[in-house]
Amino acid sequence: MAGPEAEGEVLAGLARELADAARTGVPVRSLSKRFPGLALQDAYRIQRINLEERVSAGGRVAGHKIGLTSAAMQEQMGIDEPDSGVVLTSMVASSGSRLRSADFMNPRIETEIAFRLSHDLAEASDLGTVRSAVGEVFLAFEVLDTVFADWNITLVDSIADNAACAGVITGSPVPFDPVWDLAAEQIRAEADGKVVATGEGRDILGNPLLALAWLTHRLPVLGTPLRAGDIVLAGSVHASLPLTPGTDFRATSTRLPAIDLQVL
């Protein structure tokens, strides 16, 4: 890349390529294999370009997802730090919804603890500050998908592809009590009544609120504050599972309402 202008043109071209793949369902080769020098900030710029295009076309931001926060997911993806993506309102459905696996390219699912903010978070914040900004907490399923040919991708690929976020199923929210120890929350995921994964809140960076604090330190890259009303998915408590057609997924928690999803 010869300079900022040429670099910007290249990143815009890659963003269009990923957007076209998502629209047509035709996968592309991973960016990391074609551009070994692509930096994390470049990947976030690609993500941002496509977000701005979707917002310009009428999309509305519902919040953010934080990914790769558990040891299980980092091991599964072969990486060692979280990433983040943006959730649009068109990507969100409620518990009890039905999804068609055929509407995705290579979908997977994971169970998360999620928040709804009651206050803006406009700058890098500590644990106490983010704790006081959470209004509600709930279980969520995140549907992951990739425009690349398979899941053999790097952190750069994931970030450029909106941290692989393709859909969110939200459970019933409950008011968040700041003294609540979310690290101790016990979560169980079932497929057709069979337990397929378990985890605890502490599997998310030791405490899901620490994931939210991490996200606030990414604000300069995100280019936007976290706003009151935003939902934030803190991350999965288990390695992702295939989103298999004909499967009924259910997740339960110690104190959070159960969540259900039917996959067609």
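In this predicted model, Ser101 is in contact, here meaning heavy atoms within 4.5 Å, with Pro107, Leu243, Pro245, Val263 and Leu264, once its neighbours within four places in sequence are left aside. Ser101 lies in the loop between β4 (97-99) and β5 (108-117), where helices (H or I, at least four residues) and strands (E, at least two) are DSSP runs numbered from the N terminus. With a relative accessibility of 13%, Ser101 counts as buried; buried means under 20% relative accessible area, exposed means over 50%, and partly exposed covers the range in between, for a 1.4 Å probe and protein chains only. Pro245, one of the residues in contact with Ser101, is itself found in a loop, the one between β12 (241-242) and β13 (248-253). Not counting residues up to four places away in sequence, Pro245 touches Ser101, Val263 and Leu264, and although Pro245 and Val263 are 18 residues apart in sequence, their C-alpha atoms are 5.3 Å apart in space.

Residues are numbered from 1 along each chain as its sequence is written. Because the model is predicted, local features need pLDDT of at least 70 and side-chain atom pairs count only at pLDDT 80 or more, whereas totals for chains, interfaces and linings use all residues, and side-chain values use heavy atoms, with hydrogens and water left out.

Gly135 touches Arg116, Leu117, Ser118, Val174, Pro175 and Phe176 when residues up to four places away in sequence are not counted. One of these, Pro175, is 40 residues from Gly135 in sequence, yet the two are 6.0 Å apart in space, C-alpha to C-alpha. A pair of aromatic rings is described by the distance of the centres and the angle of the planes. Rings of Phe, Tyr and Trp (for Trp, the six-membered ring) pair if their centres lie within 6.5 Å, and planes under 30 degrees apart count as stacked, over 60 as edge-to-face and the rest as tilted. By this rule the count comes to 1 aromatic pair. The ring centres of Phe176 and Trp180 are 6.3 Å apart and their planes stand at 20 degrees, so the pair is stacked. Phe176 counts as buried at 8% relative accessibility, and Trp180 counts as buried at 12%.

Helix α3 (residues 40-56) has 17 residues and reaches 24 Å from its first C-alpha to its last, close to the 24 Å expected at 1.5 Å a residue, where the expected span is 1.5 Å times one less than the number of residues. The buried residues of α3 are Asp42, Ala43, Tyr44, Ile46, Gln47, Asn50 and Leu51. After the helix comes Gly58, whose phi is positive, near 115 degrees.

On a 1 Å grid over the protein atoms alone, a cavity is a set of points where a 1.4 Å probe fits but cannot get out, while a pocket is an open set with protein on both sides within 12 Å along at least five of seven lines, and lining residues have an atom within 4 Å of a point. Grid points are joined across faces, edges and corners, and a volume is the space filled by probe spheres set on the points. A search of the whole structure finds 2 cavities of 30 Å³ or more, and the second largest cavity holds about 60 Å³ of space. Its lining is formed by Tyr44, Gln47, Arg48, Leu51, Val86, Val221 and Leu222, with α3 giving the most, 4 residues.

The largest pocket holds about 750 Å³ of space, and of the 34 residues that line it, the closest to its centre are Ala22, Arg54, Val147, Cys165 and Ala166. At least two lining residues of this pocket come from each of α1 (4-24), α3, β2 (83-88), β3 (92-94) and β7 (165-170). The second largest pocket has a volume of about 150 Å³, and α3 gives the most to its lining, with 4 residues. Among the residues lining the second largest pocket are Arg48, Leu51 and Val86, and these three are also included in the lining of the second largest cavity.
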